[in-house]
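Reader: I've got a structure open and I'd like to learn how to read its local features. Could you walk me through it?

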Amino acid sequence: EWGRSAIMLLDFTPDNLFVDETGLSFIDPWSQETYLGHPAVSIGQFVTLMQLYRMRDADKAVCMLKERCVTEMPSILGCDASSVERAFRVGSTLQLALSSYVRRESDPRQADKLAVEARKLWR
């Protein structure tokens, strides 16, 4: 019940998003095989990084963006709310797993903590 596909970026991070007085710009230096998928995956990844970076109001942004995804995407994509929630969770899981992976040698304790957090999302 995933519905129609839309843009999905697997490198949708705060590091690649730029806001100025003229608008919003996104650079994606990571080439993907396809850019179609479920956009809630990208948003789940983005907000998880906001939390990991301890950005101001990250927790409020997570709640607001997740709620908007779950309420607005089903009608746009022709899917149900539970599939949006799962896609959002997949994005969070992917980001936690990647963040754990890149810290495995530099900060093993933090890497373990992030891996545990990724597993908790599916319990």
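Author: We'll go through strands, rings, charges, a surface patch and some backbone angles.

Author: Some ground rules come before that. This is a predicted model, where local features need pLDDT of at least 70, side-chain atom pairs count only at pLDDT 80 or more, and totals for chains, interfaces and linings use all residues. Residues are numbered from 1 along each chain as its sequence is written, and side-chain values use heavy atoms, with hydrogens and water left out.

Reader: Fine. How do I read strand pairing, and how many bridges join strand S2 to strand S3?

Author: Helices (H or I, at least four residues) and strands (E, at least two) are DSSP runs, numbered from the N terminus. Two strands pair if DSSP finds at least two bridges between them. Here, S2 (residues 17–20) and S3 (residues 23–26) run antiparallel and are joined by four bridges. Aspartate 20 has glycine 23 in S3 as its bridge partner. With two residues between them, S2 and S3 make a hairpin.

Reader: And where do the side chains of a strand point in general?

Author: In a regular strand they alternate between the two faces of the sheet.

Reader: Next, rings. How many aromatic pairs does the structure hold?

Author: Rings of Phe, Tyr and Trp (its six-membered ring) pair if their centres lie within 6.5 Å; planes under 30 degrees apart are stacked, over 60 edge-to-face, and the rest tilted. The structure holds two such pairs. One of them is phenylalanine 12 with phenylalanine 26, a tilted pair at 5.3 Å centre to centre with 55° between the planes. That pair links distant parts of the chain, 14 residues apart: phenylalanine 12 is in the loop between strand S1 (6–7) and S2, and phenylalanine 26 is in strand S3. There's also a cluster: Phe12, Phe26 and Phe46 form one aromatic group.

Reader: Is phenylalanine 26 buried, partly exposed or exposed?

Author: Buried means under 20% relative accessible area, exposed over 50%, and partly exposed in between (1.4 Å probe, protein chains only). Phenylalanine 26 comes out at 28%, so it counts as partly exposed.

Reader: On to charges. How many salt bridges does a search of the whole structure find?

Author: The general idea is that side chains of opposite charge can pair when their charged atoms come close. The cut-off for a salt bridge is a side-chain nitrogen of Lys or Arg within 4 Å of a carboxyl oxygen of Asp or Glu. The search finds five. Among them is glutamate 85 with lysine 66, at 3.8 Å from N to O. Glutamate 85 lies in helix H3 and lysine 66 in helix H2 (residues 58–77), so the pair ties together parts that are 19 residues apart in sequence. Both are partly exposed: glutamate 85 at 23%, lysine 66 at 31%.

Reader: Which other salt bridge does glutamate 85 form?

Author: Glutamate 85 also meets arginine 89, at 2.7 Å from N to O. These two are four residues apart in helix H3, so about one helical turn separates them. Arginine 89 counts as buried, at 19%.

Author: Another case is lysine 120 with glutamate 117, at 3.3 Å from N to O. They sit three residues apart in helix H4 (residues 108–120), again about one helical turn. Lysine 120 is partly exposed at 44%, and glutamate 117 is partly exposed at 31%. As for networks, salt bridges that share partners join Lys66, Glu85 and Arg89 into one.

Reader: What about a charge over a ring: which ring does the charged end of arginine 89 sit over?

Author: The test is that NZ of Lys or CZ of Arg is within 6 Å of the ring centre and within 35 degrees of the ring normal. Arginine 89 has its charged end over the ring of tryptophan 122, 4.1 Å from the centre. Arginine 104 lies over the face of tyrosine 101, at 4.0 Å from the ring centre.

Reader: Which residues form the nonpolar patch on the surface?

Author: Patches are made of residues with over 30% relative accessible area and no salt bridge; like charges are joined within 9 Å, nonpolar side chains (Val, Leu, Ile, Met, Phe, Trp, Tyr) within 5 Å. Areas come from the Shrake-Rupley method with a 1.4 Å probe, and for residues only the protein chains shown count as cover. This patch is Leu98, Tyr101 and Val102, with about 300 Å² of accessible area together. Valine 102 belongs to helix H3 (residues 81–102) and is exposed at 51%.

Reader: Last one: what is the phi of arginine 54?

Author: Most residues other than glycine have a negative phi. Arginine 54 has a positive phi of about 55° although it is not a glycine. Arginine 54 is in the loop between helix H1 (39–52) and H2, and is exposed at 75%. Aspartate 57, in the loop between H1 and H2, has a positive phi of about 60° and is partly exposed at 44%.
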